[in-house]
Amino acid sequence: MAKIKKGDLVQVISGPSQARGGDRGKQGRVIEVLVDQNRVVVEGVNYVTKHVRVGQTQRGTKTGGIETHEAPIHVSNVAVVDPKTKKPTRVGHREETVEKDGVKKTVRVRYAKKSGEKL
């Protein structure tokens, strides 16, 4: 089971602080997880400027120019935010028994190590 998944609320825990123009301390949702590169794309974090060649669509509207979008950040530089304390925490796994329609089933769940809350 993965530590960080798409849709998780994470916080940047390394890099330059916001006072120095960095992203450390910012929180955002994970948009995409790049497993093979060990990177995640976080909403509102690590904005880069990309120059796209100007072109035209079928209707004649112009496309391209200078665009900004989020770039991937390494998974070691982000931590999952604890839903109870709203602070970064580590992720653990545990098995819980769930009873559904009279049948007991063990399910593996992720939880925040600081508060014990389910993620």
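A salt bridge is a side-chain nitrogen of Lys or Arg within 4 Å of a carboxyl oxygen of Asp or Glu. Keep that in mind for this predicted model, which holds four salt bridges. Here is the general idea behind them: side chains of opposite charge can pair when their charged atoms come close.

| Salt bridge | N to O distance |
|---|---|
| D8 and R110 | 3.0 Å |
| R94 and E96 | 3.2 Å |
| K118 and E96 | 3.7 Å |

Start with K118 and E96. Their side chains meet with N and O 3.7 Å apart, and that counts as a salt bridge because the limit is 4 Å. This pair ties together distant parts of the chain: K118 sits in the segment after strand 10, while E96 belongs to strand 9 (residues 91-100), and 22 residues separate them.

E96 also pairs up with R94, with the closest N and O atoms 3.2 Å apart. Put together, R94, E96 and K118 are linked in a network of salt bridges. How exposed are its members? R94 has a relative accessible area of 30% and is partly exposed. E96, at 24%, is partly exposed, and K118 is partly exposed at 48%.

Now for D8 and R110, whose side chains form a salt bridge at 3.0 Å, N to O. Here too, distant parts of the chain are linked: D8 lies in the segment before strand 1 (9-12) and R110 in strand 10 (residues 103-112), 102 residues apart. Is D8 buried or exposed? D8 has a relative accessible area of 12%, so it is buried. R110 counts as buried too, at 8% relative accessibility.

**A closer look at T89**

Next up is a threonine. T89 lies in strand 8 (residues 88-89), and T89 counts as buried because its relative accessibility is 7%, with the cut-off set at under 20%. Which residues does T89 touch, leaving aside its neighbours within four places in sequence? The list is A79, V80, V81, D82, A112, K113 and K114.

An unreviewed UniProt entry annotates residues 45-118 as "domain: Large ribosomal subunit protein uL24 C-terminal". In the model, that stretch is 64% strand and 0% helix.

Key: Residues are numbered from 1 along each chain as its sequence is written. This is a predicted model: local features need pLDDT of at least 70, side-chain atom pairs count only at pLDDT 80 or more; totals for chains, interfaces and linings use all residues. Side-chain values use heavy atoms; hydrogens and water are left out. Helices (H or I, at least four residues) and strands (E, at least two) are DSSP runs, numbered from the N terminus. Buried means under 20% relative accessible area, exposed over 50%, partly exposed in between (1.4 Å probe, protein chains only). UniProt positions are given in the numbering used here, feature names are shortened, and annotations may be inferred rather than shown by experiment. Contact means heavy atoms within 4.5 Å.
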